[in-house]
Amino acid sequence: MNTAEQALRRLELTVTRRLDGLLHGAHQGLLPGTGSEAGDSRVYVPGEDDVRRMDWAVTARTTVPHVRDLIADRELETWALADLSASMDFGTADTDKRDLVVAAVGAIGFLSSRMGDRFGALVLHDEFIHRMPARTGRPALYGLLNSLMDAPRGRAVPDAPDLAEGIDVLAATRRRRGLRLVVSDFLDARPELDPDAERPWERPIRRLAARHQVLAVEIIDPRELELPDVGRVAFTDPETGNVREVHLSPKVRQAYAEAAALQREGTRMALRRAGIAHLVLRTDRDWVFDVAQFVLRQRRMSHLAHRRPV
């Protein structure tokens, strides 16, 4: 058995042993809910039907109130957008950011496959957006994850597709409602330090969330938040290839930490404005623990939101 297959088997065991019981049952994703596909219309029953499901077109034609039933989903397509651009080939802690991308996609993929759903992916890599068709079954998922693990390191490519373009392609891939997973560091070529400013990918992800349940997984390395006191360092921008030497004085390190905090806060606020579930995974933390805590928090919030007032 090769090293890649061993790593995938360990990932599958981790997911099924530590996360399966926690996530299983939320067929549409991490949040409970009814079906998503519209069914037939029928006469409205006062006191039993939700007025928010009123079928106004049929009601207007017949002059009798009608509601539209929702069909419970039994087989869905889950699609992931995996960012494997050059900035993801970085890691100064327990793992690389790219490894966390594979872990996040694999976690959702293994759980989806156990429920019989199809799983597909789009991959941002160099100058292309690669499409891996949605398929069911463990062998297909293993093939998809192997492709992510075997992808060569990203290169500095001019006019490479950015995250906004990837999200637009993801939205156009399949129209049927389902779960959409966006895994990226959400770092822009020209960082915006105003937390209230609109990010380049904000409108595309808002349009995506209007039709699908969306989970954004932000990948972070601790060196992207603060710099060590190591004197003069040569920095290379992985997206452009530009190199600059910087003396890491206390003033420079403080300014860097403040700018990084503003950039991350801007990402958090943009996702919140779009109504997107936001999970942060760090290369210096136990990603399984963070996923579990996130799911428990989402379930708790969903339960409180669906409680009927006394």
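Let us start with Ala171, which is found in helix α6 (residues 163-173); helices (H or I, at least four residues) and strands (E, at least two) are DSSP runs, numbered from the N terminus. This is a predicted model, in which local features need pLDDT of at least 70 and side-chain atom pairs count only at pLDDT 80 or more, while totals for chains, interfaces and linings use all residues. Residues are numbered from 1 along each chain as its sequence is written, and side-chain values use heavy atoms, with hydrogens and water left out.

- From Ala171 to Leu208 is 37 residues in sequence, but 5.5 Å in space, C-alpha to C-alpha.
- Thr59 sits in helix α3 (residues 56-62) and counts as buried because its relative accessibility is 13%.
- The Thr59 side chain reaches the backbone nitrogen of His66 at 3.0 Å.

**The chain as a whole**
- The protein chain has 9 helices and 10 strands.
- Of its 310 residues, 44% are buried.

**Nonpolar cores**
- A nonpolar core is a set of buried Ala, Val, Leu, Ile, Met, Phe, Trp, Tyr and Cys residues joined through side-chain atoms within 4.5 Å.
- The largest core has 43 residues, and those touching the most other members are Val105, Leu145, Leu148, Val217, Leu281 and Trp287.
- Helix α4 (residues 97-114) gives this core its largest share, 10 residues.
- Another core, apart from that one, has 21 residues, including Leu81 and Leu208.

**Salt bridges**
- The count comes to 18 salt bridges, each a side-chain nitrogen of Lys or Arg within 4 Å of a carboxyl oxygen of Asp or Glu.
- Glu202 and Arg206 form one of them, at 2.9 Å from N to O; they are 4 residues apart in helix α7 (residues 202-209), so about one helical turn separates them.
- Glu202 is buried at 1% relative accessibility, whereas Arg206 is partly exposed at 33%.
- Arg264 and Glu224 meet in another, at 3.2 Å from N to O.
- That pair links distant parts of the chain, 40 residues apart: Arg264 lies in helix α8 (residues 250-273), and Glu224 in the loop between β7 (213-220) and β8 (232-236).
- Asp290 pairs with Arg285 in a salt bridge, their closest N and O atoms being 2.6 Å apart.

How values were computed: Buried < 20%, exposed > 50% of the residue type's maximum accessible area, 1.4 Å probe, protein only. Polar contact = N/O pair within 3.5 Å; in protein donor to acceptor, adjacent residues only side chain to side chain.
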